[in-house]
Amino acid sequence: MAPVLDIRGLAKSFTLHNQGGVTLPVLAAVDLTVGAGECVALHGRSGTGKSTLLRTLYGNYRVQSGELWVRHGATRIDLAQARPRQIIELRRSTIGYVSQFLRVIPRVAALDIVAEPMRARGVAVEAARARAAALLTRLNVPERLWHLAPATFSGGEQQRINIARGFAVAYPILLLDEPTASLDGDNRAAVIGLIDEVLARGTAIVGIFHDGEVRDRVASRLYDMTEAKAAA
Amino acid sequence: MSALPLLDDEPPLLVVDGLTVAYGTRVGCRDVSFELWPGEVLGIVGESGSGKTSLLNALSAKIEPTAGRIHYRLRDGTMADLFGLSEAARRQLLRTDWGVVHQNPRDGLRLTVSAGANVGERLMAIGARHYGEIRGAALDWLGKVEIDRDRIDDRPSSFSGGMQQRLQIARNLVTNPRLVFMDEPTGGLDVSVQARLLDLIRGLVADLGLSAIIVTHDLAVARLLAHRLMVMRGGEVVESGLTDQVLDDPQHPYTQLLVSSILQV
Amino acid sequence: MTEMLAGYNFAYLDEQTKRMIRRAILKAVAIPGYQVPFGSREMPLPYGWGTGGIQVTASIIGRADVLKVIDQGADDTTNAISIRRFFARTAGVATTERTVDATIIQTRHRVPETPLKAGQIMVYQVPIPEPLRWLEPRETETRTMHALSEYGAMHVRFYEDIAHYGRIATTYDYPVIVNDRYLMRPSPIPKFDNPKLDMSPALQLFGAGREKRIYAVPPFTKVKSLDFHDHPFAVESWDEACSLCGSTTSYLDEVLTDDQGGRMFVCSDTDYCRSRTA
């Protein structure tokens with residue numbers, strides 16, 4: 001079975017021109033394949049490049065060398081070489097990303113933040129909002145918060161909206177950056193439930209889980225970030 | 001799963017090739033090239049003197065470029081060389097298929113006539129001759145840009161800056177343009193007013209499938225509205241790409257400087 | 001008959017000036033409704049008193065012509081008398097107050113009620129020739145708007161009227177489209193007279209001396225007043241008839257007869273009224 005995500009020799013470094021041109025090599029050579037229904041947990045201490053790798057997989061960070069093959073429908077595309085338009089399309093329908101922190105947009109209600117990825121795929125307003133409501137309910141976000149902009153919410157509330165948004169569309173690939181970081185027991189369980197469901201549906205997940213309990217529950221295997229630095 | 005478009009089977013709406021605008025020996029912008037697709041928002045960011053305004057003026061046919069070509073895909077599918085068209089055709093384009101939202105709403109509105117007349121003018125310019133229908137369309141659009149419909153007969157000179165800007169947007173969108181140019185649309189507005197305007201623009205672009213080219217010096221505005229970004233400095237494009245990529249992983253020294261200069265709230 | 005003045009060229013203007021103005025008139029006739037610039041001369045009359053009209057008349061008048069001059073429809077107002085006498089003295093032409101006998105009719109602000117015939121020439125005195133001036137002060141821009149037929153903004157004015165007053169408020173100098181092409185101001189004639197311009201057998205010339213423009217509507221040319229489909233163009237009407245001749249179809253002036261508010265309505269066109277009572 002062809003992998004959904006096929007990373008080969010991925011290298012990523014940062015060159016800080018305004019700090020004398022110092023270059024920080026964060027990822028030296030990442031080789032990783034992920035199949036449908038698999039959940040790979042990125043494992044390593046702070047500074048080993050876990051978030052960097054996730055962001056690279058989303059096209060948020062540029063790649064210095066290597067290939068990043070993503071299955072898209074019946075074909076596959078190398079994200080490292082993809083044009084902006086193609087990346088936008090991949091993000092619309094193939095790759096989902098739950099970042100660590102919700103990016104708050106003024107005036108947009110929580111419900112609409114969650115509904116937005118569905119609206120971008122042509123789902124009607126009412127249907128999108130209904131599904132958003134179902135997700136928020138599942139994540140224990142009270143209805144009184146749905147029509148408010150999340151700027152004043154707690155960290156945990158914001159994160160649950162972020163998660164709901166990430167799970168709103170059935171992406172074949174899902175990138176999760178510390179999805180349970182600010183959550184208590186009940187909400188952690190709810191997120192685990194969501195992850196289980198999408199895995200059962202064949203979603204491929206690459207995630208960072210600092211919480212050992214969550215990691216053990218959902219990960220099919222670990223990817224040790226020191227492997228990424230091995231070739232350095 | 002339906003076939004997902006990936007290989008750009010849709011032709012671009014605007015193709016810009018080697019665009020240069022020079023004022024005698026002084027260069028406004030040099031050798032700018034890019035493509036823009038339907039439904040896409042391109043942000044042009046840069047500081048004063050970067051050439052972004054020269055570029056916008058050439059793109060919106062306000063001034064003729066010194067070199068280079070601008071090709072626009074007309075509604076019938078043909079690619080037209082913008083400055084190969086007659087002036088009449090260009091002006092027609094500006095009245096129907098394009099919109100231009102100026103930084104100062106006073107440059108884009110008729111202050112001596114009512115809000116309703118401002119919105120209805122483009123309709124009248126393309127031959128609308130039924131007063132009731134024109135007024136109905138104006139009321140409709142005032143609602144969309146969140147201007148109280150009671151103000152339809154008031155003059156824009158009595159409106160606040162934010163309201164004037166929203167009226168300018170309504171005035172441009174009434175003919176369902178496919179491409180809108182915006183020059184610092186939130187410049188000079190209070191922060192809360194800005195937020196409202198940005199929210200409106202985001203919504204309209206998404207709902208109407210507009211393409212837009214937005215010039216701004218405010219990176220937060222660019223991040224919110226633009227799919228792609230072009231960073232300009234000294235008349236040249238120093239970096240371009242996906243908005244979040246350019247802002248989160250800037251490659252060019254100038255972009256890095258720009259991004260690191262933003263004050264945190 | 002008034003004595004002709006000595007030391008002046010026929011009809012006051014020198015021949016080269018008349019040629020220049022005739023060339024402008026020919027251009028204007030060739031492009032109905034289009035404003036042709038011309039070298040307006042100093043006339044013994046201040047700006048705003050009909051210098052444009054006088055220059056047009058002076059350029060076309062010949063010894064055999066019969067001239068009528070009206071001001072607000074009347075032959076006996078100060079201006080009308082002065083201009084008529086001017087041409088009598090500088091051209092020695094016959095003058096008349098009867099529309100049917102005139103070959104040239106110079107007018108300020110009215111069109112005669114008596115239908116015009118082929119061979120007659122109307123000369124209108126025009127203050128502001130540019131119909132878009134209220135909207136756009138720049139001459140360069142209005143010329144471009146005319147060239148590109150960008151007339152939508154004119155309807156903006158009417159939209160405003162309807163929004164504020166419930167109806168189009170313009171009642172004189174009502175803009176028209178000539179020959180389905182150019183937007184034109186017919187001079188400050190009441191809108192009542194606009195239909196008379198449409199398909200008239202007469203040649204209609206318009207002269208603006210201060211603004212230095214001449215324009216024309218050739219005989220049998222389409223002249224359509226602007227309007228909205230749901231607010232169509234309509235002319236004035238009166239409940240009264242003319243107190244002198246009883247006409248119910250002519251343009252009536254209201255005349256106060258005493259200090260107690262007594263009034264009567266009489267035809268503005270003095271010749272028309274007289275011809276009905278004679």
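Reader: What does the model score on ipTM and pTM?

Author: This is a predicted model, with an ipTM of 0.89 and a pTM of 0.86.

Reader: And what pLDDT does chain C average?

Author: Chain C averages 94, and 99% of the residues score at least 70. Where pLDDT is low, the predicted coordinates should not be read in detail.

Reader: Ok, rings. How many aromatic pairs over all chains?

Author: The search of the whole structure gives 17. In one aromatic pair, Tyr12(C) and Phe86(C) are tilted, with 5.5 Å from centre to centre and 55° between the planes.

Reader: Where in the chain do those two sit?

Author: In distant parts of chain C, 74 residues apart. Tyr12(C) belongs to the segment before helix 1 (15–30), while Phe86(C) is in helix 3 (residues 78–91).

Reader: Is Phe86(C) buried or exposed?

Author: Buried, because its relative accessibility is 15% and the cut-off for buried is under 20%. Tyr12(C), with a relative accessible area of 24%, is partly exposed.

Reader: What kind of pair do Phe86(C) and Phe87(C) make?

Author: Edge-to-face, because their planes stand at 80° and anything over 60 degrees falls in that class. The ring centres of Phe86(C) and Phe87(C) are 5.1 Å apart. Phe87(C) is buried, as is Phe86(C).

Reader: Which residues do ring pairs link into a cluster?

Author: The cluster consists of Tyr8(C), Tyr12(C), Phe86(C) and Phe87(C).

Reader: Switching to charges. What lies over the face of Tyr58(A)?

Author: Arg91(A) does, 4.3 Å from the ring centre. In chain B, Lys144(B) has its charged end over the ring of Trp141(B), at 4.3 Å from the centre of that ring.

Reader: Now chain A. How many helices and strands?

Author: Eight helices and nine strands.

Reader: Why is it called as compact as a globular protein of that length?

Author: Because the radius of gyration of chain A is 18 Å, close to the 17 Å from the globule rule for 232 residues. Along the principal axes, the C-alpha atoms of chain A fill a box of roughly 50 × 40 × 40 Å.

Reader: How much of chain A counts as buried?

Author: 51% of its 232 residues. The accessible surface of chain A is about 10100 Å², and carbon and sulfur atoms hold 50% of that.

Reader: And what share of the contacts in chain A comes from residues 24 or more positions apart?

Author: 69%, taken over contacts with a separation of 6 or more.

Note on methods: Residues are numbered from 1 along each chain as its sequence is written. Chains are lettered from A and ligands numbered from 1 in the order in which they are written. This is a predicted model: local features need pLDDT of at least 70, side-chain atom pairs count only at pLDDT 80 or more; totals for chains, interfaces and linings use all residues. Side-chain values use heavy atoms; hydrogens and water are left out. pLDDT is the predictor's confidence in each residue, from 0 to 100. Rings of Phe, Tyr and Trp (its six-membered ring) pair if their centres lie within 6.5 Å; planes under 30 degrees apart count as stacked, over 60 as edge-to-face and the rest as tilted. Helices (H or I, at least four residues) and strands (E, at least two) are DSSP runs, numbered from the N terminus. Buried means under 20% relative accessible area, exposed over 50%, partly exposed in between (1.4 Å probe, protein chains only). A charge sits over a ring if NZ of Lys or CZ of Arg is within 6 Å of the ring centre and within 35 degrees of the ring normal. The radius of gyration is taken over C-alpha atoms; the globule rule is 2.2 Å times the number of residues to the power 0.38. Contact means heavy atoms within 4.5 Å. Accessible areas come from the Shrake-Rupley method with a 1.4 Å probe; for residues, only the protein chains shown count as cover.
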